Amino acid sequence: GANIDAVAKLQAHGIRVILASGRRHENMLRFHHLLQLEGPVISCQGALVKIAETGEILHRHCIPADLAALVVRDGEAAGMTVIYYRADGIFISEKNSLTDLYHSRGGDELTVADLPEKFAGDSPLKIIWMNSAARIAERFPDIEKHYRDRLDTLVTYPNIWNSSRPA
């Protein structure tokens, strides 16, 4: 397709193409292989960089455990669906229409877990809150102010708030 052709043209001009995404590393590999790329893949909002061919980790920048616990607790207290990214999978606070939509967009398996209990003391790659677009928009100014100096944050879809790498 057009993407494959565009990447081939860039490579023909000596430009190295590296994929970067908020997706998990394993989810990115199919695109990496389809585009016939070699080398690193940047995933989880830049929190993880791994060599596709060997699995060697070049960079890992996780959310500190105490801050992750706060983000999970605050999200659940605010009625958000919490999505917790680890190297070994994606875990969710509950299964609902939002997580079904999230799964349909990325295809990753989502595992329901009691996040505060299961991951106490854990440092995830990123944490997402999901809710209605109106609820995320309503809460975003307070969220942004609360986490401003501690996390990189952004709204990716109107109903998704991402937190990753300490600021």
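Trainee: Which residue just after α4 takes a positive phi?

Mentor: Gly107, at about 85°. Bear in mind that this is a predicted model.

Trainee: What caps the N-terminal end of α4?

Mentor: For a cap, look for a side-chain atom placed by a backbone atom at the helix end. Here Asn96 does this, with a side-chain oxygen 2.9 Å from the backbone nitrogen of Leu98.

Trainee: Which residues of helix α4 are buried?

Mentor: Buried means under 20% relative accessible area. In α4, residues 97–106, that applies to Leu98, Thr99, Tyr102 and Gly106. Seen down the helix axis, these buried residues fall within an arc of 95°, so they line one face of α4. Ser97 and Ser104, on the other side of α4, are exposed.

Trainee: Which members of the largest nonpolar core touch the most other members?

Mentor: A nonpolar core is read as a set of buried residues joined through side-chain atoms. The largest has 21 residues, and Val71, Tyr84, Leu115, Ile127, Trp129 and Tyr147 touch the most other members. Two or more residues come from each of α3 (65–77), β4, β7 and α6 (133–147), and α3 gives the most, with 5 residues.

Trainee: What does Val71 touch?

Mentor: Leaving aside residues up to four places away in sequence, Val71 touches Ile127, Trp129, Tyr147, Leu151, Trp161 and Ser163.

Conventions:
Residues numbered from 1 in each chain as written. Predicted model: local features only at pLDDT ≥ 70, side-chain atom pairs only at ≥ 80, totals over all residues. Heavy atoms only, no water. Buried < 20%, exposed > 50% of the residue type's maximum accessible area, 1.4 Å probe, protein only. Helix = DSSP H or I, 4+ residues; strand = E, 2+ residues; numbered from the N terminus. Arc of directions from axis to C-beta. Polar contact = N/O pair within 3.5 Å; in protein donor to acceptor, adjacent residues only side chain to side chain. Core = buried A, V, L, I, M, F, W, Y, C linked by side-chain atoms within 4.5 Å. Contact = heavy atoms within 4.5 Å.
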